[in-house]
Amino acid sequence: MLHSVLMAPGAAAKWFTGQDRYTLAHQRLLEGSTSASFEGMVQAWQQAPNNEERNNLNSLLKLAVSEDCGRSLSQNSLPDWLPNLVIQREVIQNLNQIMLKLSINGVSNSNISEVKLVKWPDQTVIANSPVIGAGGYFAVETRRLEKPITAGLYQLVISANGEESFNRWIVLSEPSVKQRISWKDSKNWRIERGNLPNPACPSPVLSMSMYDLNDTTWTPLWTEDVDGKLPTTLPKIDVPDGRYWLSVGLIESRWQGEISILDIQTITRPVDYPGF
């Protein structure tokens, strides 16, 4: 059933006319070999696809992810020194501006010297040395971006002292053009319905955090993550009366093998609490 659209008569010809790499990637997916299909997508992205081909590859990736939320896209395991890895693409909207960000974080038991992400073939997105925090947690992020991180092929390289470099191809889908979460008033927000959810993936998560306006470390005073039925109002929380910075983020997740890929839409604003 998942492949019914692509298995319709003439569908393959319509999608991948004259492109052997596209045809192979499509064929492997229909045969149930998701990882081989993903390798074909990587090769196709390396051929500088035109707009129609990019759209086709984006649709093919979405179909492949619908199998098991992307866990079968790669059979390569993370190395022992890098047990957890997350790529986050985020749109942050406050009352006056929109900020775009991409970050890479995870856990490592080795001293990481550099995290580098390059959009194929030569556009560097991130090239930083992270600080390893408590429990081996690390994070690097882009400076303020002028444009969204678009669909395409990216090469991720993580270097650590005394370890063989971790090197993976990452394929990102096209980001949503629709902002699904927006403010209703200072303590209430609305969440619009998106496309039909992928049943293979976790339900979207709503992440709420409250910050002290004078704390430049931006350590949350309160935070709560909710899945399932998502709230649209700030709950009663245990913080002193005062003025704070409130952040509410809608998180959608998938996988590329063992790498977690998150798309986040966040809204922020100052609030008076309780303010009633």
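Figure 1. The protein chain carries 25 positive and 29 negative charges, and their mean positions lie 7 Å apart. The model is predicted, not experimental. About 15200 Å² of the chain is accessible surface. Carbon and sulfur atoms account for 48% of that surface.

**Figure 2. Overall build of the protein chain.** Five helices and 13 strands make up its secondary structure. The radius of gyration is 20 Å, close to the 19 Å that the globule rule gives for 276 residues, so the chain is as compact as a globular protein of that length. Along the principal axes, the C-alpha atoms fill a box of roughly 65 × 50 × 30 Å. Of the 276 residues, 43% count as buried. Contacts between residues at least 6 apart in sequence were also sorted by separation: 62% of them join residues at least 24 apart.

**Figure 3. The largest nonpolar core.** This core holds 24 residues. The members that touch the most others are L85, I104, L156, I158 and F166. Eight strands each supply at least two residues: β1 (84-93), β2 (98-107), β3 (112-119), β4 (123-128), β5 (137-141), β6 (152-160), β7 (166-172) and β13 (259-273). Strand β6 gives the most, with four residues.

**Figure 4. Close-up of I104.** Residues up to four places away in sequence are left out of this list of contacts.

**Figure 5. A second core.** A separate core contains 20 residues. Among them are M41, W45, L60 and L61. Helix α4 spans 34-45 and helix α5 spans 51-68.

Figure 6. The bond from W120 to P121 is cis, with omega near 5°. P121 sits in the loop between β3 and β4. The bond from Y273 to P274 is cis too, again with omega near 5°. P274 falls in the segment after β13.

**Figure 7. A48, a positive phi in an exposed loop residue.** A48 is not a glycine, yet its phi is positive, about 50°. It lies in the loop between α4 (34-45) and α5 (51-68). Its relative accessibility is 64%, so A48 counts as exposed, the cut-off being over 50%.

**Figure 8. C69, a positive phi in a buried loop residue.** Phi of C69 is near 65°, a positive value in a residue other than glycine. C69 belongs to the loop between α5 and β1. Its relative accessibility is 1%, so C69 counts as buried, the cut-off being under 20%.

**Figure 9. E67 and I170.** E67 is placed in helix α5. This residue is partly exposed, with a relative accessible area of 34%. E67 and I170 are 103 residues apart along the chain. Their C-alpha atoms are separated by 18 Å.

Note on methods. Residues are numbered from 1 along each chain as its sequence is written. This is a predicted model: local features need pLDDT of at least 70, side-chain atom pairs count only at pLDDT 80 or more; totals for chains, interfaces and linings use all residues. Side-chain values use heavy atoms; hydrogens and water are left out. A nonpolar core is a set of buried Ala, Val, Leu, Ile, Met, Phe, Trp, Tyr and Cys residues joined through side-chain atoms within 4.5 Å. Buried means under 20% relative accessible area, exposed over 50%, partly exposed in between (1.4 Å probe, protein chains only). Contact means heavy atoms within 4.5 Å. The radius of gyration is taken over C-alpha atoms; the globule rule is 2.2 Å times the number of residues to the power 0.38. Accessible areas come from the Shrake-Rupley method with a 1.4 Å probe; for residues, only the protein chains shown count as cover. Lys and Arg count as positive and Asp and Glu as negative; His and the chain ends are not counted. The place of a charge is taken as NZ of Lys, CZ of Arg, CG of Asp or CD of Glu.
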